Amino acid sequence: MKLSMASSPHNHSQKSVRSLMITVICACIPGILTQAYFFGFGVLIQLVIALVTASAVEAAILKLRNKPILPALNDGSAWLTAVLLAISIPPLAPWWITVIGIIFAIAMVKQLYGGLGFNIFNPAMGAYVLLLIAFPVQMTSWMPAEQLLTTAIPLSDQLALIFTQMNGTGLTLDDVRVNADGVTMATPLDAIKTAVSQNYTVSEAMLGMQFSDYAGIGWQWVNVAYLLGGIYLIKTKVINWHIPVSLIATLAICSAIGYIVSPGTQAGSAFHLFSGATMLGAFFIATDPVSACTTDKGRLIFGAAIGLLIYLIRHFGGYPDAVAFAVLLMNMAVPLIEHYTQPRTYGHGAKK
């Protein structure tokens with residue numbers, strides 16, 4: 001048997017934690033701007049609230065733990081958590097929704113376990129699930145794309161709705177969440193689920209004005225934007241391709257099989273891939289280096305399992321978009337996956 005001899009790998013990566021976090025945040029910008037274009041400036045307002053709150057909470061917890069504050073704040077991890085949670089929250093949700101979510105994400109999911117590198121769950125998704133369960137009305141009050149509204153909502157009214165839950169003329173969020181026909185609109189995923197429960201077919205449901213040819217108006221372009229950002233992250237080697245590719249491929253295969261078996265009650269692959277938080281979840285959430293698998297084989301299993309869970313929860317579960325639940329469930333399975341997929345140490349198990 002021939003052995004290849006080589007020197008130790010002394011060349012270290014020049015990328016710091018801060019540079020990696022900032023790169024991921026920058027890759028989110030196309031998706032954030034697309035969200036703001038279709039769903040209003042509330043996206044950016046929630047982002048500012050989240051960033052300010054995350055910085056304050058991170059500093060306060062570090063102070064309580066007698067840890068240096070500036071180095072931890074400058075690593076950018078709290079800012080990334082703030083960004084991911086803010087863009088997952090309905091743009092005109094009350095300001096306190098974002099504040100509660102950020103406090104829980106930073107203080108409980110991240111710092112309670114010891115800070116960056118020790119949390120077993122994705123902080124943003126842990127906070128998202130808490131908010132969804134505790135405040136289901138506020139967390140499901142998504143606006144339709146602005147072109148579907150009776151009238152556009154000016155920035156002043158969006159600010160008023162976020163901070164007072166009422167616009168300048170005394171209308172509540174429910175009052176302004178109506179389309180040109182005076183009907184409050186649900187998200188595409190929720191609209192499909194509701195229509196099927198009422199014995200309509202998917203094709204009939206997709207005749208609604210909030211749908212394009214294959215997904216929801218606005219939502220498909222948001223997913224395309226996050227897809228482009230994700231491709232950039234893979235190209236720059238900030239993330240590995242294994243998790244997003246296996247997640248997307250599994251979700252596409254499962255939804256294609258479901259559509260073939262029951263086209264009347266199940267949407268096709270394009271709808272699942274470009275609706276909700278699919279691309280955001282695949283490239284920016286599931287790939288969290290702390291709470292995800294680290295081996296290549298483990299990443300493939302981890303991503304595929306998330307894709308399968310997204311499909312199963314969307315079709316059989318009570319929540320239309322299942323990304324957060326799928327990621328958190330698989331976060332719990334990471335130690336088991338790592339145990340069976342870690343590479344064998346050289347010489348271990350060799351026959352004597």
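Trainee: In which helix does Leu 44 lie?
Mentor: This is a predicted model. The helix that holds Leu 44 spans residues 42–64. That element is helix 2.

Trainee: Is Leu 44 buried, partly exposed or exposed?
Mentor: The relative accessible area of Leu 44 is 30%. Buried means under 20% and exposed means over 50%, with partly exposed in between. Because 30% falls between those cut-offs, Leu 44 counts as partly exposed.

Trainee: What kind of aromatic pair do Phe 39 and Trp 142 form?
Mentor: The structure holds eight aromatic pairs. In the pair of Phe 39 and Trp 142, the centres are 6.5 Å apart and the planes stand at 75°. An angle over 60 degrees counts as edge-to-face. The pair of Phe 39 and Trp 142 is therefore edge-to-face.

Trainee: How many residues apart are Phe 39 and Trp 142?
Mentor: Phe 39 belongs to helix 1 (residues 17–39), while Trp 142 sits in the loop between helix 7 (136–139) and helix 8. Both Phe 39 and Trp 142 are buried. The pair links distant parts of the chain, and the separation is 103 residues.

Trainee: What is the distance between the closest N and O atoms of Glu 58 and Lys 110?
Mentor: The structure holds three salt bridges, and Glu 58 with Lys 110 is one of them. Glu 58 is in helix 2 and Lys 110 in helix 5 (residues 95–110), 52 residues apart. Both residues are buried. Their closest N and O atoms are separated by 2.8 Å.

Trainee: Does Asp 296 count as buried or partly exposed?
Mentor: Asp 296 meets Arg 299 in a salt bridge of 2.9 Å, N to O. Both lie in helix 16 (residues 296–316), three residues apart, about one turn of the helix. Arg 299 has 15% relative accessibility and counts as buried. Asp 296 has 42%, so Asp 296 counts as partly exposed.

Trainee: What is the N to O distance between Arg 314 and Asp 321?
Mentor: Arg 314 and Asp 321 are both buried. Their side chains meet in a salt bridge, with an N to O distance of 3.0 Å.

Trainee: What is the radius of gyration of the protein?
Mentor: The protein has 17 helices and zero strands. For 352 residues the globule rule gives 20 Å, and the value for this protein is close to that, so the protein is as compact as a globular protein of that length. The radius of gyration is 22 Å.

Notes: Residues are numbered from 1 along each chain as its sequence is written. This is a predicted model: local features need pLDDT of at least 70, side-chain atom pairs count only at pLDDT 80 or more; totals for chains, interfaces and linings use all residues. Side-chain values use heavy atoms; hydrogens and water are left out. Helices (H or I, at least four residues) and strands (E, at least two) are DSSP runs, numbered from the N terminus. Buried means under 20% relative accessible area, exposed over 50%, partly exposed in between (1.4 Å probe, protein chains only). Rings of Phe, Tyr and Trp (its six-membered ring) pair if their centres lie within 6.5 Å; planes under 30 degrees apart count as stacked, over 60 as edge-to-face and the rest as tilted. A salt bridge is a side-chain nitrogen of Lys or Arg within 4 Å of a carboxyl oxygen of Asp or Glu. The radius of gyration is taken over C-alpha atoms; the globule rule is 2.2 Å times the number of residues to the power 0.38.
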